[in-house]
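Visitor: Please take a close look at the salt bridges in this structure, and then at the parts around them.

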Amino acid sequence: MKRNIPILTTVDCILRKHFLLCVLVVFVALLFQGCVSTPESSDHQLDAVDPHEDMNRAAYDFTDRIDRAVFMPIVNTYIDYVPNAAQRSIGNFYDNLSYPNVVLNDFLQGKFKQGFQDTLRFAINSSIGLFGLFDMATHMGLQEHDEDFGQTLGVWGVTPGSYLFIPLLGPSSQRDVTGIPVGLLTNALFYTGLIIGSPITVPLGFLGALDKRARLVGPMRVRDEAAIDPYLFVREASMQQREFLVNDGKLPLDLYYEPFQDNPFNKDGKK
(Lines give C-alpha, C1' and ligand atoms only; values in the text may rest on other atoms or scores of the structure.)
Protein backbone atom coordinates (compact mmCIF):
# COMPACT_ATOMS: atom_id res chain seq x y z
CA MET A 1 0.00 0.00 0.00
CA LYS A 2 2.87 2.36 0.81
CA ARG A 3 4.41 1.73 -2.59
CA ASN A 4 1.24 3.01 -4.24
CA ILE A 5 1.33 6.35 -2.43
CA PRO A 6 4.11 7.93 -4.58
CA ILE A 7 2.33 6.73 -7.72
CA LEU A 8 -0.96 8.22 -6.59
CA THR A 9 0.80 11.46 -5.68
CA THR A 10 2.39 11.67 -9.12
CA VAL A 11 -0.93 11.00 -10.88
CA ASP A 12 -2.64 13.62 -8.73
CA CYS A 13 0.08 16.16 -9.62
CA ILE A 14 -0.30 15.48 -13.33
CA LEU A 15 -4.08 15.80 -13.16
CA ARG A 16 -3.80 19.13 -11.35
CA LYS A 17 -1.38 20.54 -13.88
CA HIS A 18 -3.48 19.47 -16.85
CA PHE A 19 -6.84 20.22 -15.28
CA LEU A 20 -7.50 23.36 -17.34
CA LEU A 21 -6.66 21.59 -20.60
CA CYS A 22 -8.89 18.62 -19.72
CA VAL A 23 -11.80 20.90 -18.86
CA LEU A 24 -11.34 22.77 -22.13
CA VAL A 25 -11.30 19.59 -24.24
CA VAL A 26 -14.40 18.21 -22.52
CA PHE A 27 -16.20 21.53 -22.88
CA VAL A 28 -15.48 21.79 -26.61
CA ALA A 29 -16.64 18.20 -27.12
CA LEU A 30 -19.90 18.86 -25.27
CA LEU A 31 -20.34 22.10 -27.18
CA PHE A 32 -20.14 20.40 -30.55
CA GLN A 33 -22.42 17.60 -29.35
CA GLY A 34 -24.97 20.24 -28.32
CA CYS A 35 -24.64 21.95 -31.68
CA VAL A 36 -25.32 18.75 -33.56
CA SER A 37 -28.37 17.91 -31.47
CA THR A 38 -29.90 21.40 -31.63
CA PRO A 39 -32.97 21.43 -33.90
CA GLU A 40 -33.02 23.83 -36.82
CA SER A 41 -35.37 26.76 -36.80
CA SER A 42 -37.74 27.64 -39.60
CA ASP A 43 -35.80 30.77 -40.57
CA HIS A 44 -33.35 29.43 -43.15
CA GLN A 45 -31.66 32.81 -43.60
CA LEU A 46 -30.82 32.90 -39.92
CA ASP A 47 -29.80 29.22 -39.86
CA ALA A 48 -26.86 29.89 -42.16
CA VAL A 49 -25.32 32.25 -39.61
CA ASP A 50 -26.71 31.38 -36.19
CA PRO A 51 -28.69 28.12 -36.25
CA HIS A 52 -28.10 27.62 -32.51
CA GLU A 53 -29.33 31.03 -31.43
CA ASP A 54 -31.28 29.79 -28.42
CA MET A 55 -28.22 28.04 -27.01
CA ASN A 56 -25.99 31.01 -27.86
CA ARG A 57 -28.35 33.50 -26.23
CA ALA A 58 -28.44 31.40 -23.07
CA ALA A 59 -24.63 31.35 -22.99
CA TYR A 60 -24.53 35.10 -23.66
CA ASP A 61 -27.02 35.89 -20.88
CA PHE A 62 -25.12 33.69 -18.42
CA THR A 63 -21.80 35.35 -19.29
CA ASP A 64 -23.33 38.83 -19.10
CA ARG A 65 -24.74 38.18 -15.62
CA ILE A 66 -21.40 36.88 -14.36
CA ASP A 67 -19.63 39.83 -15.95
CA ARG A 68 -21.89 42.45 -14.37
CA ALA A 69 -21.99 40.79 -10.94
CA VAL A 70 -18.35 39.72 -10.58
CA PHE A 71 -16.01 41.28 -13.11
CA MET A 72 -17.34 44.80 -13.57
CA PRO A 73 -16.91 45.95 -9.92
CA ILE A 74 -13.33 44.61 -9.93
CA VAL A 75 -12.59 46.08 -13.36
CA ASN A 76 -13.89 49.51 -12.34
CA THR A 77 -11.67 49.45 -9.25
CA TYR A 78 -8.71 48.33 -11.39
CA ILE A 79 -9.23 51.19 -13.86
CA ASP A 80 -9.76 53.80 -11.14
CA TYR A 81 -6.79 52.94 -8.93
CA VAL A 82 -4.13 51.39 -11.19
CA PRO A 83 -2.17 54.07 -13.10
CA ASN A 84 -2.47 54.03 -16.89
CA ALA A 85 1.25 53.36 -17.29
CA ALA A 86 0.97 50.29 -15.08
CA GLN A 87 -2.09 49.10 -17.01
CA ARG A 88 -0.15 49.41 -20.28
CA SER A 89 2.75 47.39 -18.86
CA ILE A 90 0.39 44.69 -17.61
CA GLY A 91 -1.27 44.54 -21.03
CA ASN A 92 2.13 44.37 -22.75
CA PHE A 93 3.16 41.53 -20.45
CA TYR A 94 0.14 39.37 -21.34
CA ASP A 95 0.36 40.24 -25.03
CA ASN A 96 3.94 39.04 -25.00
CA LEU A 97 3.07 35.80 -23.22
CA SER A 98 0.62 34.91 -25.99
CA TYR A 99 2.75 36.20 -28.87
CA PRO A 100 4.20 32.76 -29.81
CA ASN A 101 0.70 32.02 -31.09
CA VAL A 102 1.06 34.94 -33.51
CA VAL A 103 4.48 33.73 -34.65
CA LEU A 104 3.24 30.18 -35.24
CA ASN A 105 0.28 31.31 -37.33
CA ASP A 106 2.43 33.73 -39.31
CA PHE A 107 4.36 30.75 -40.66
CA LEU A 108 1.25 28.57 -41.05
CA GLN A 109 -0.27 31.28 -43.26
CA GLY A 110 2.88 31.53 -45.37
CA LYS A 111 3.80 35.00 -44.06
CA PHE A 112 7.46 34.11 -43.59
CA LYS A 113 8.85 37.64 -43.51
CA GLN A 114 6.25 38.68 -40.94
CA GLY A 115 6.95 35.48 -39.01
CA PHE A 116 10.67 36.27 -38.66
CA GLN A 117 9.85 39.86 -37.70
CA ASP A 118 7.40 38.70 -35.04
CA THR A 119 9.93 36.18 -33.74
CA LEU A 120 12.42 39.01 -33.33
CA ARG A 121 9.73 41.16 -31.73
CA PHE A 122 9.00 38.44 -29.16
CA ALA A 123 12.70 37.98 -28.42
CA ILE A 124 13.30 41.70 -27.93
CA ASN A 125 10.30 42.29 -25.68
CA SER A 126 11.03 39.15 -23.65
CA SER A 127 14.61 40.28 -22.97
CA ILE A 128 15.18 44.02 -23.30
CA GLY A 129 11.52 44.66 -22.55
CA LEU A 130 11.72 42.76 -19.24
CA PHE A 131 9.40 39.84 -20.05
CA GLY A 132 7.18 42.08 -22.15
CA LEU A 133 6.43 44.73 -19.56
CA PHE A 134 7.82 47.32 -21.97
CA ASP A 135 7.11 47.25 -25.70
CA MET A 136 10.63 48.01 -26.91
CA ALA A 137 10.10 46.25 -30.26
CA THR A 138 7.53 48.77 -31.48
CA HIS A 139 10.00 51.60 -30.83
CA MET A 140 12.47 49.67 -33.01
CA GLY A 141 10.01 49.52 -35.91
CA LEU A 142 8.69 45.99 -35.35
CA GLN A 143 4.93 46.40 -35.43
CA GLU A 144 2.55 44.17 -33.50
CA HIS A 145 0.36 41.73 -35.47
CA ASP A 146 -2.75 39.76 -34.59
CA GLU A 147 -2.87 36.20 -35.94
CA ASP A 148 -4.45 33.02 -34.60
CA PHE A 149 -5.35 29.54 -35.79
CA GLY A 150 -8.92 30.50 -36.72
CA GLN A 151 -7.51 33.13 -39.06
CA THR A 152 -5.08 30.58 -40.48
CA LEU A 153 -7.94 28.25 -41.35
CA GLY A 154 -9.79 31.19 -42.91
CA VAL A 155 -6.77 32.11 -45.02
CA TRP A 156 -6.68 28.56 -46.39
CA GLY A 157 -10.35 28.66 -47.34
CA VAL A 158 -12.16 27.20 -44.34
CA THR A 159 -15.52 28.93 -43.89
CA PRO A 160 -16.54 30.21 -40.43
CA GLY A 161 -19.47 27.83 -40.09
CA SER A 162 -22.08 28.50 -37.46
CA TYR A 163 -21.73 31.32 -34.95
CA LEU A 164 -21.01 30.18 -31.39
CA PHE A 165 -20.99 32.07 -28.11
CA ILE A 166 -18.82 30.24 -25.60
CA PRO A 167 -19.67 30.86 -21.93
CA LEU A 168 -17.15 33.19 -20.22
CA LEU A 169 -14.95 33.24 -23.35
CA GLY A 170 -17.18 35.13 -25.75
CA PRO A 171 -18.00 35.11 -29.48
CA SER A 172 -16.55 32.45 -31.75
CA SER A 173 -17.52 30.13 -34.59
CA GLN A 174 -17.12 26.49 -35.56
CA ARG A 175 -13.90 27.45 -37.33
CA ASP A 176 -12.49 29.83 -34.74
CA VAL A 177 -13.19 27.61 -31.74
CA THR A 178 -10.32 25.39 -32.89
CA GLY A 179 -7.98 28.26 -32.10
CA ILE A 180 -8.72 28.03 -28.37
CA PRO A 181 -6.58 24.94 -27.60
CA VAL A 182 -3.89 26.14 -30.04
CA GLY A 183 -3.79 29.51 -28.29
CA LEU A 184 -3.55 27.76 -24.93
CA LEU A 185 -0.68 25.52 -25.97
CA THR A 186 1.29 28.43 -27.45
CA ASN A 187 0.90 30.66 -24.41
CA ALA A 188 3.98 30.87 -22.20
CA LEU A 189 1.76 31.04 -19.12
CA PHE A 190 0.55 27.48 -19.79
CA TYR A 191 4.08 26.09 -19.54
CA THR A 192 4.86 28.29 -16.58
CA GLY A 193 1.96 26.59 -14.84
CA LEU A 194 3.38 23.15 -15.63
CA ILE A 195 6.75 24.11 -14.15
CA ILE A 196 5.88 26.37 -11.23
CA GLY A 197 2.36 25.25 -10.37
CA SER A 198 -0.96 26.88 -9.60
CA PRO A 199 0.07 29.16 -6.68
CA ILE A 200 1.72 31.47 -9.21
CA THR A 201 -0.22 30.86 -12.40
CA VAL A 202 -3.73 31.14 -10.94
CA PRO A 203 -3.23 34.77 -9.77
CA LEU A 204 -1.48 35.54 -13.07
CA GLY A 205 -4.37 34.00 -14.99
CA PHE A 206 -6.92 36.03 -13.04
CA LEU A 207 -4.95 39.24 -13.60
CA GLY A 208 -4.81 38.39 -17.32
CA ALA A 209 -8.58 37.97 -17.46
CA LEU A 210 -8.98 41.26 -15.59
CA ASP A 211 -6.68 43.03 -18.04
CA LYS A 212 -8.54 41.62 -21.04
CA ARG A 213 -11.90 42.68 -19.63
CA ALA A 214 -10.59 46.17 -18.82
CA ARG A 215 -9.65 46.64 -22.49
CA LEU A 216 -13.25 45.92 -23.47
CA VAL A 217 -14.80 48.61 -21.29
CA GLY A 218 -15.16 51.02 -24.21
CA PRO A 219 -16.80 48.57 -26.67
CA MET A 220 -19.08 47.24 -23.93
CA ARG A 221 -20.20 50.78 -23.12
CA VAL A 222 -21.06 51.32 -26.79
CA ARG A 223 -22.99 48.06 -26.77
CA ASP A 224 -25.02 49.05 -23.72
CA GLU A 225 -25.78 52.57 -24.98
CA ALA A 226 -26.39 51.97 -28.69
CA ALA A 227 -27.64 48.42 -29.16
CA ILE A 228 -31.34 47.59 -29.16
CA ASP A 229 -30.44 43.90 -28.99
CA PRO A 230 -26.99 43.54 -27.33
CA TYR A 231 -26.71 39.90 -28.41
CA LEU A 232 -27.12 40.77 -32.09
CA PHE A 233 -24.76 43.72 -31.71
CA VAL A 234 -22.01 41.48 -30.32
CA ARG A 235 -22.65 38.78 -32.92
CA GLU A 236 -22.50 41.08 -35.93
CA ALA A 237 -19.55 43.09 -34.62
CA SER A 238 -17.51 39.98 -33.82
CA MET A 239 -18.22 38.33 -37.17
CA GLN A 240 -17.24 41.46 -39.10
CA GLN A 241 -14.07 41.83 -37.02
CA ARG A 242 -13.08 38.23 -37.71
CA GLU A 243 -13.63 38.68 -41.44
CA PHE A 244 -11.53 41.84 -41.29
CA LEU A 245 -8.66 39.99 -39.58
CA VAL A 246 -8.77 36.99 -41.92
CA ASN A 247 -8.45 39.32 -44.92
CA ASP A 248 -5.82 41.53 -43.22
CA GLY A 249 -8.14 44.51 -43.61
CA LYS A 250 -8.49 44.06 -47.38
CA LEU A 251 -12.14 43.08 -47.58
CA PRO A 252 -13.72 42.42 -50.98
CA LEU A 253 -16.14 45.18 -51.96
CA ASP A 254 -19.06 42.82 -52.40
CA LEU A 255 -19.14 42.25 -48.63
CA TYR A 256 -20.26 45.86 -48.29
CA TYR A 257 -22.12 46.47 -51.54
CA GLU A 258 -23.75 43.13 -52.25
CA PRO A 259 -27.30 44.53 -51.75
CA PHE A 260 -26.50 47.25 -54.28
CA GLN A 261 -24.97 45.32 -57.16
CA ASP A 262 -27.70 46.96 -59.26
CA ASN A 263 -28.31 50.71 -59.12
CA PRO A 264 -31.15 51.17 -56.60
CA PHE A 265 -32.14 54.45 -58.29
CA ASN A 266 -32.57 52.88 -61.72
CA LYS A 267 -36.13 51.68 -62.22
CA ASP A 268 -35.04 49.09 -64.77
CA GLY A 269 -32.42 47.67 -62.44
CA LYS A 270 -29.58 48.51 -64.82
CA LYS A 271 -26.30 50.06 -63.74
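Guide: What follows starts with the salt bridges and then goes on to a few other local features.

This is a predicted model, in which local features need pLDDT of at least 70 and side-chain atom pairs count only at pLDDT 80 or more, while totals for chains, interfaces and linings use all residues. Residues are numbered from 1 along each chain as its sequence is written, and side-chain values use heavy atoms, with hydrogens and water left out.

There are 18 salt bridges in the structure, a salt bridge being a side-chain nitrogen of Lys or Arg within 4 Å of a carboxyl oxygen of Asp or Glu. One of them joins the side chains of R121 and E144, at 3.9 Å from N to O. R121 belongs to helix 7 (residues 112–127) and E144 to the loop between helix 8 (136–139) and helix 9 (149–155), so this pair ties together parts 23 residues apart in sequence. Helices (H or I, at least four residues) and strands (E, at least two) are DSSP runs, numbered from the N terminus. R121 is buried, at a relative accessible area of 4%, whereas E144 is partly exposed at 44%. Here buried means under 20% relative accessible area, exposed over 50%, and partly exposed in between (1.4 Å probe, protein chains only).

Two further salt bridges can be described in the same terms. In the bridge of R223 with D224, the closest N and O atoms are 2.8 Å apart; R223 is buried at 5% relative accessibility, and D224 is partly exposed at 40%. In the bridge of R235 with E236, the closest N and O atoms are 3.0 Å apart. R235 counts as buried at 7%, and E236 as partly exposed at 33%. Shared partners also link salt bridges into a network made of D64, R68, R223 and D224.

R242 is in helix 14 (residues 230–246). Leaving aside residues up to four places away in sequence, R242 touches D148, G150, Q151 and D176, where contact means heavy atoms within 4.5 Å. With D176, the side chain of R242 makes a side-chain polar contact of 3.0 Å. A polar contact is a pair of N or O atoms within 3.5 Å; within protein, one must be able to donate a hydrogen and the other to accept it, and residues adjacent in sequence count only if both atoms are side-chain atoms. The C-alpha atoms of R242 and P160 are separated by 9.2 Å, although the two residues are 82 apart along the chain.

Helix 6 (residues 99–108) has Y99, N101, V102, V103, N105 and D106 as buried residues. Their cover includes helix 5 (84–97), helix 7, helix 9 and helix 10 (179–185). Just after helix 6, G110 has a positive phi of about 80°.

The strands remain. Strand 1 (residues 163–166) pairs with strand 2 (residues 170–173) in the antiparallel sense over four bridges; two strands pair if DSSP finds at least two bridges between them. Y163 stands opposite S173 in strand 2. The hairpin of these strands has three residues between them, and L168 there takes a positive phi near 70°.
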